[in-house]
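The following exercises ask the reader to work through a protein model step by step. Please study the sequence and the structure before turning to the solutions.

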Amino acid sequence: MEIPHLTPAERRVWRAFPSGAAVDFRTSPDDDPASGGSWGPERSLRGDVLRALLLDDRRADGEVAALRITGARITGTWAPRYAAATCAIRLMECFFDAAPQLYGAEVRQLNLSGSVLPGLTAATLRVDGVLRLTGCRISGPVRLGGARVSGAIFLDGAVLTRPAPPEGDSSGPDGGASGQDEPLLALNQASCGDDLWAPGLKASGEVRLDGAVVAGSVRLDDAELAEPSGTALSAETLQVGADVRAMRIRVRGRVNLRGARIPGQLNLAHAHLANPGAVALRASSCVIGELWLRAAAPVEGLVNLRRSQLDLLHIAPDVWPERVSLDGLSYGTLAPHEPAARRLPVLERDLDGYVPYAYEQLTASYRKVGDDAGARTVQLAKQRRQRAGLAWYAALWGRLQDVTVGYGFRPMRAAAWLASLLLVGSVVYAVHRPPALKPAEAPHFNPVFYTLDLLLPVVDFGQEQAYAPAGWYQGLSYLLIITGWILATTIAAGVTRSISRPS
């Protein structure tokens with residue numbers, strides 16, 4: 001393009017480009033680019049002119065060329081597809097008539113902070129520096145799938161919305177899928193050499209990070225994501241080098257983190273996750289250092305943590321939803337420390353019903369902090385849940401073990417039974433002494449030891465064989481003998497279970 005074809009506004013940019021000088025078209029620092037559709041030719045630049053500048057080889061002696069524009073209206077389509085631009089690009093607080101088309105382009109740096117765009121197509125973009133979309137207002141899909149950014153990606157304060165698609169809309173080969181099924185922000189398979197920085201991001205559609213690799217951290221603090229009819233945040237097989245911090249995030253729709261690898265924290269403290277009647281949080285098959293839901297609002301919807309491995313799970317009992325899926329979940333530490341009775345109802349809400357592994361994990365977490373009483377409570381609850389699926393005769397025997405010794409996890413209960421029966425037998429036989437079988441040879445009668453002889457199967461004080469009660473006193477003796485055998489058997493079964501349980 002020859003200079004005579006340029007408008008006065010374009011001439012300013014053309015002259016400033018070789019030296020990297022900034023061109024500011026704003027008439028006031030408070031100019032709102034949302035009103036850019038009404039800006040006249042004095043601050044309008046054609047997209048073709050900007051594309052030609054990026055391909056221009058002019059450089060001022062001793063200067064670094066750069067496209068640095070603020071407060072302009074970009075008319076037509078800025079489409080440097082497949083272009084290899086060695087300069088930095090800064091189009092801040094600009095208004096774009098059409099979505100920029102940067103598919104396959106290579107740039108030194110791209111900064112569109114504060115701009116208003118109807119979309120952005122930049123799949124497979126290469127940025128040898130920072131990609132900055134801070135404070136952008138974008139009313140269409142942002143296509144960054146497969147992008148490679150050596151520095152950080154900034155989306156802090158950006159507002160992404162999805163307009164109603166026009167009739168007959170179809171995307172070209174560079175644009176990807178069209179329609180409401182397309183993610184609003186696509187960073188799938190993208191690579192970021194530093195942090196993905198997006199605190200305060202607002203997206204009224206799906207944010208997709210499937211397969212993305214972030215060398216640093218993902219920051220979504222105070223973000224608001226909404227896709228009530230589907231997935232608000234999809235990050236399947238996401239890999240980060242440090243943390244995913246999403247404190248105070250508000251999500252309406254599903255959060256899908258299946259297969260993610262997060263060596264640091266997945267921090268959802270003070271978060272609000274809501275997807276009533278469906279999955280609110282899916283973090284199955286993940287490997288995560290620490291999962292924090294500290295002080296979060298009660299989750300509305302299913303939480304699926306199946307087969308995940310966590311070093312720390314920080315979640316209060318009242319944060320869990322009414323439906324969970326925890327089969328195969330492994331964790332080292334469970335916080336905050338709560339009585340086992342407050343944790344057990346969560347296991348009873350599992351979609352798979354009775355999940356033995358979940359009880360074993362909870363038991364291990366109590367043992368790890370030295371709370372043996374809590375561990376025994378969990379094991380007792382496990383036996384009771386297991387009993388519900390047994391045949392009637394096995395369930396009857398299980399109930400008997402529960403009542404007598406708490407399946408071996410309540411040994412003092414057996415002592416109480418023995419003490420009570422000993423007291424009853426001693427009083428009854430002290431008042432009504434049974435006659436001796438051989439009075440001349442019988443030892444002195446002692447009601448306490450006589451009752452112990454009846455109750456303890458393997459103990460012989462010589463009282464039981466020497467005296468023979470009659471009538472209902474004989475029936476009482478039979479009852480004490482049978483009860484003693486039952487107690488002995490259940491105690492032996494409980495002790496065996498207690499000793500053989502894994503440490």
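## Exercises with worked solutions

The protein chain exposes about 22,400 Å², and carbon and sulfur atoms supply 55% of this area. The model is a predicted one.

**Exercise 1. Describe the overall make-up of the protein chain: its helices and strands, its buried share and its contacts.**

Step 1. The protein chain contains nine helices and 35 strands.

Step 2. Of the 503 residues in the protein chain, 50% are buried.

Step 3. Consider the contacts between residues at least 6 apart in sequence: 47% of them join residues at least 24 apart.

**Exercise 2. Determine how the rings of Tyr82 and Tyr103 are arranged, and which parts of the chain they tie together.**

Step 1. For Tyr82 and Tyr103, the ring centres are 5.7 Å apart and the planes stand at 80°. An angle over 60 degrees counts as edge-to-face, and therefore this pair is edge-to-face.

Step 2. Tyr82 belongs to the loop between strand E4 (73-75) and strand E5 (88-92), while Tyr103 belongs to the loop between strand E6 (95-96) and strand E7 (106-107). The pair therefore ties together parts that are 21 residues apart in sequence.

Step 3. Is Tyr82 buried or exposed? Its relative accessibility is 52%, and the cut-off for exposed is over 50%; Tyr82 therefore counts as exposed.

**Exercise 3. Carry out the analysis for Phe445 and Tyr467.**

Step 1. The two rings lie 4.9 Å centre to centre with 70° between the planes, an edge-to-face pair.

Step 2. Phe445 is found in the loop between helix H7 (411-431) and helix H8 (447-455), and Tyr467 in the loop between H8 and helix H9 (472-500). The pair links distant parts of the chain, 22 residues apart.

Step 3. Both Phe445 and Tyr467 are buried.

Step 4. Ring pairs also join Phe445 and Tyr467 with Tyr429 and Tyr450 in a cluster.

**Exercise 4. Locate the charged groups of Arg12 and Arg43 relative to aromatic rings.**

Step 1. Arg12 lies over the face of Phe25, 4.8 Å from the ring centre.

Step 2. The charged end of Arg43 is placed over the ring of Trp39, at 3.7 Å from its centre.

**Exercise 5. Follow strand E29 and state which strands pair with it.**

Step 1. Strand E29 (residues 261-267) is mostly covered, with five of its seven residues buried.

Step 2. Strand E27 (residues 244-245) runs parallel to E29 and is joined to it by two bridges. Here Arg245 has Asn267 of E29 as its bridge partner.

Step 3. E29 also pairs in the parallel sense with strand E31 (residues 287-292), over five bridges. Asn267 stands opposite Trp292 in E31.

Notes
Residues are numbered from 1 along each chain as its sequence is written. This is a predicted model: local features need pLDDT of at least 70, side-chain atom pairs count only at pLDDT 80 or more; totals for chains, interfaces and linings use all residues. Side-chain values use heavy atoms; hydrogens and water are left out. Helices (H or I, at least four residues) and strands (E, at least two) are DSSP runs, numbered from the N terminus. Buried means under 20% relative accessible area, exposed over 50%, partly exposed in between (1.4 Å probe, protein chains only). Contact means heavy atoms within 4.5 Å. Accessible areas come from the Shrake-Rupley method with a 1.4 Å probe; for residues, only the protein chains shown count as cover. Rings of Phe, Tyr and Trp (its six-membered ring) pair if their centres lie within 6.5 Å; planes under 30 degrees apart count as stacked, over 60 as edge-to-face and the rest as tilted. A charge sits over a ring if NZ of Lys or CZ of Arg is within 6 Å of the ring centre and within 35 degrees of the ring normal. Two strands pair if DSSP finds at least two bridges between them.
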